[in-house]
Structures are given as C-alpha cells and as structure tokens.
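Please read the following report with the sequence and the model side by side.

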Amino acid sequence: MAANARPKTHLALFFISIFICFFHGKSSSWLNGEETEDVVMVQTRRQESPGRCDFSVGKWVYDQSYPLYDSNCPYLSTAVTCQRNGRPDSGYEKWKWKPNGCSLPRFDALKFLGKMRRKRIMLVGDSIMRNQWESLVCLVQGVIPTGHKKVTYSGLSMAFLALDFETSIEFSWAPLLVELKKGPQNKRVLHLDLIEENARYWRGVDVLVFDSAHWWTHSDQWSSWDYYMEGKSLYKSMNPMIAYQKGLNTWAKWVDLNLDPRKTRVIFRSMSPRHNRENGWKCYNQKSPLAFFSHPHVPEQLLVLQGVLRRMRFPVYLHDITTMSAFRRDGHPSVYRRALNQADRQHPREFSSDCSHWCLPGVPDIWNEMLSALL
C-alpha cells in the first residue's frame with residue numbers, strides 16, 4: 001500500500017479520524033496502518049484435553065449453501081461490503097471450514113440467541129474484532145423482526161440488542177487493551193501497566209472475547225504512541241514483543257483479580273493473519289484459498305500470547321483462528337474496500353489494497369461458527 005508519512009504530532013488525530021469513519025460505516029478506509037506489514041502463514045501446535053475437537057486444524061471445503069447472509073445486511077460497514085463495492089467474484093463467500101476428526105456445526109441464529117438469552121457478549125479489540133462483531137450481528141439479525149432489534153452507540157463502543165431475547169452483542173474499542181494517554185508536550189504515552197480505563201466496560205459481561213496483536217507491531221511510521229511507560233519509567237523504544245508481553249500481563253492480572261469464572265466466560269482470539277507481501281498486493285485478484293504453506297511458522301505474537309495464558313489462574317480459552325485464516329488470502333477486500341465504478345475498475349492498482357480486514361460475508365463468519373460451538 002502506498003502511504004505517505006505524516007508528522008507524528010498529527011498521527012493521533014489521524015488514527016481517531018480513521019476509526020470514526022469506520023465506526024459510522026463510511027467508505028474512508030479504516031486502519032491504513034494495518035496494511036504495512038506482512039504476516040507469513042502459520043502453523044500452531046495446540047494441546048487439547050482428550051475428547052475435545054481441535055477446531056483450528058482442518059481444511060476449507062467449497063459449499064454452495066454458504067454464505068449465511070448477504071452483503072445487504074444493514075449493519076455492515078462500507079469497507080467490508082466487497083460485493084456492493086464492485087468485487088466481480090463471489091466464490092470467497094462459499095467456503096466452510098472442516099476440522100480434522102470432527103464437524104463444525106453450521107451457525108444457528110435462534111440457537112445462539114437462546115444460549116445468550118438475558119446475557120451480554122462483548123468483543124473487545126481492534127478493527128478486525130469490529131469486523132467479527134459485524135459478522136456476528138449479521139448472522140443473528142435475520143431471524144429478529146424489524147422493531148425488535150436496534151444498535152446503540154456509546155463513545156467508542158456499540159451494542160446490538162435483540163430485544164425479545166434480552167441479548168446484547170457488543171463491541172468495545174481497545175486495540176492495545178492497556179491505556180494510551182496524552183502526556184507532557186502532547187506526546188502519546190502507552191502505559192503498559194494501566195488498564196482500568198478500558199476494563200471498566202468489561203465488568204458485568206457474561207462472555208468476553210478479546211484480541212490484541214496488530215497495533216503492537218505497527219512500523220514507526222504508523223505507531224500510535226511516542227513513548228512507553230511502566231510505573232514511573234518512560235521509554236522511547238522497546239522490543240515490540242516485550243512490550244506486547246507486558247501489556248498482556250497487565251490484562252491477565254486484571255482478569256485474574258476481577259472476574260469470576262463461574263459467572264464469566266473469557267475467550268482470547270488469536271491474531272488474524274495479513275497477506276501484505278508484494279507491497280500490499282498479495283491478496284488482489286485471489287479467488288481461492290491457498291492449498292498449503294511453503295514456509296509454515298508460528299508468529300511471535302501467538303507464542304507470547306500462549307505463554308501469558310498458560311500462567312493465568314483464570315481459565316481462558318484460546319480461540320486459534322490464525323492458521324485457518326492464513327489459507328484465505330482470497331477473503332480480503334483488497335481494492336474493493338470502497339465502491340469502484342466502471343472506470344475505476346480499469347485501473348485497480350491506482351487504489352490502495354486492504355489485505356488485513358475481511359470481506360463480509362466471509363472468513364469471520366466461520367470464526368463466529370466456532371465461537372458459537374465453543375459456547
């Protein structure tokens with residue numbers, strides 16, 4: 001993706017403006033900053049308890065009965081409605097995930113709402129978690145009559161309400177989980193040991209689904225902070241994975257101290273892979289999943305996350321979507337994150353390519369089928 005450098009003093013306002021445009025479904029591209037790096041394909045090793053199916057290992061199977069809704073779902077942001085934006089192919093909508101040795105149940109909206117009756121489920125994280133939230137809302141909203149559902153907004157959070165079920169499906173914006181604040185001289189300070197400003201919204205929720213990875217690895221050009229802070233110590237630079245581990249440890253400590261596993265389910269979704277090699281064009285014009293990986297490996301973020309979760313007292317389920325999603329370079333918006341007219345389509349490479357987020361209907365629908373099965 002071609003991206004011009006901006007003065008650091010303007011970056012905070014820039015990120016806020018991107019999020020607000022995305023938040024209200026405008027076509028102004030969200031999270032340009034997440035398109036600057038490549039995440040190579042991954043394989044993960046997992047230890048599952050006997051008798052439990054490992055949903056993360058399997059293959060993609062073409063299925064004409066998909067998708068489970070269409071891009072006319074009223075809760076989709078413009079940036080993910082690839083069909084409405086002029087994408088000429090639709091095969092990417094018709095793949096289902098088949099785990100090895102077991103089956104993944106098809107998403108059943110009424111069954112899901114029944115399980116979530118009089119409950120709150122909250123998805124916490126960045127714009128890719130917002131991507132998943134829109135998918136989940138679209139999966140359930142079709143069975144709810146008009147007038148019996150609504151979306152409410154509160155600051156950088158939102159909630160879809162299924163009124164007859166007294167169910168709330170919420171999204172809370174916290175891409176780093178820990179707190180990012182303005183410091184002296186208007187500098188942006190990432191507090192690796194502070195979280196309550198974000199965590200206050202998580203109290204009283206029945207099911208919490210977290211993700212946090214992409215923002216930690218932004219290049220200097222796109223970094224959303226000027227300094228790290230831990231205690232009273234200020235750091236200009238730090239190894240990103242050490243900072244990520246410190247931030248996750250703060251989150252883990254908060255969960256251990258503040259949540260009751262008898263009342264709250266906690267799930268941490270692994271990182272969504274990006275396909276940004278070749279200057280952001282690796283996902284353009286791709287029409288089918290990858291068949292295999294030539295150089296499989298585990299991304300550092302996933303190793304750090306696994307280590308943090310192992311040391312927690314609270315039972316957190318790691319929802320591993322990284323490997324399965326890494327096959328799906330065909331599922332990104334690419335240039336179709338905005339509406340392209342006939343003239344635009346003649347020169348697609350004049351537009352930046354989003355190989356980070358996902359077209360909807362698409363890959364996040366399968367993440368939500370897994371989520372429903374986990375619950």
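## A buried arginine and its surroundings

Arg130 counts as buried, at 4% relative accessibility, where buried means under 20% relative accessible area, exposed means over 50%, and partly exposed lies in between (1.4 Å probe, protein chains only). This is a predicted model, in which local features need pLDDT of at least 70, side-chain atom pairs count only at pLDDT 80 or more, and totals for chains, interfaces and linings use all residues. Residues are numbered from 1 along each chain as its sequence is written, and side-chain values use heavy atoms, with hydrogens and water left out.

**Salt bridges**

Side chains of opposite charge can pair when their charged atoms come close. A salt bridge is counted here when a side-chain nitrogen of Lys or Arg lies within 4 Å of a carboxyl oxygen of Asp or Glu, and the structure holds eleven of them.

| Salt bridge | N to O distance |
|---|---|
| Arg87 and Asp89 | 3.0 Å |
| Arg262 and Asp260 | 3.1 Å |

Because Arg130 and Glu134 are four residues apart in helix H3, about one helical turn separates them. In another pair, Arg87 is buried with a relative accessible area of 7%, and Asp89 is buried with 15%. Arg262, by contrast, counts as exposed at 76% relative accessibility.

**Helix H3 and helix H10**

Helices (H or I, at least four residues) and strands (E, at least two) are DSSP runs, numbered from the N terminus. The axes of helix H3 (residues 127-141) and helix H10 (residues 363-374) come within 9 Å and cross at roughly 70 degrees, where axes are lines fitted to C-alpha atoms, for helices over the stretch in contact, and angles run from 0 to 180 degrees between N-to-C directions. H3 is therefore roughly perpendicular to H10, a label given to angles of 65 to 115 degrees, while those under 35 count as roughly parallel, those over 145 as roughly antiparallel and the rest as oblique.

Contact means heavy atoms within 4.5 Å, and among the residues of H3 that meet H10 are Ile128, Asn131 and Leu139, while Trp367 and Leu371 are among those on the H10 side. The residues of this contact of H3 with H10 divide into six nonpolar, four polar and one charged; Ala, Val, Leu, Ile, Met, Phe, Trp, Tyr, Cys and Pro count as nonpolar, Asp, Glu, Lys and Arg as charged, and the others, Gly among them, as polar.

**The sheet**

Strands of a sheet pair through backbone hydrogen bonds, either parallel or antiparallel. Two strands are taken to pair if DSSP finds at least two bridges between them. Here seven strands form an open sheet of mixed pairing, in the order S4-S5-S6-S3-S9-S12-S13. Its edge strands, S4 (149-154) and S13 (316-319), each pair on one side only, and the twist averages 20 degrees from one strand to the next.

Within this sheet, strand S5 (residues 157-162) and strand S6 (residues 167-173) pair in the antiparallel sense over six bridges, and Ala162 has Thr167 in S6 as its bridge partner. Helix H3 lies across several strands, including S3, S4 and S5, and runs at about 165 degrees to S6.

**The whole chain**

The chain has ten helices and 13 strands, and of its 375 residues 58% count as buried.
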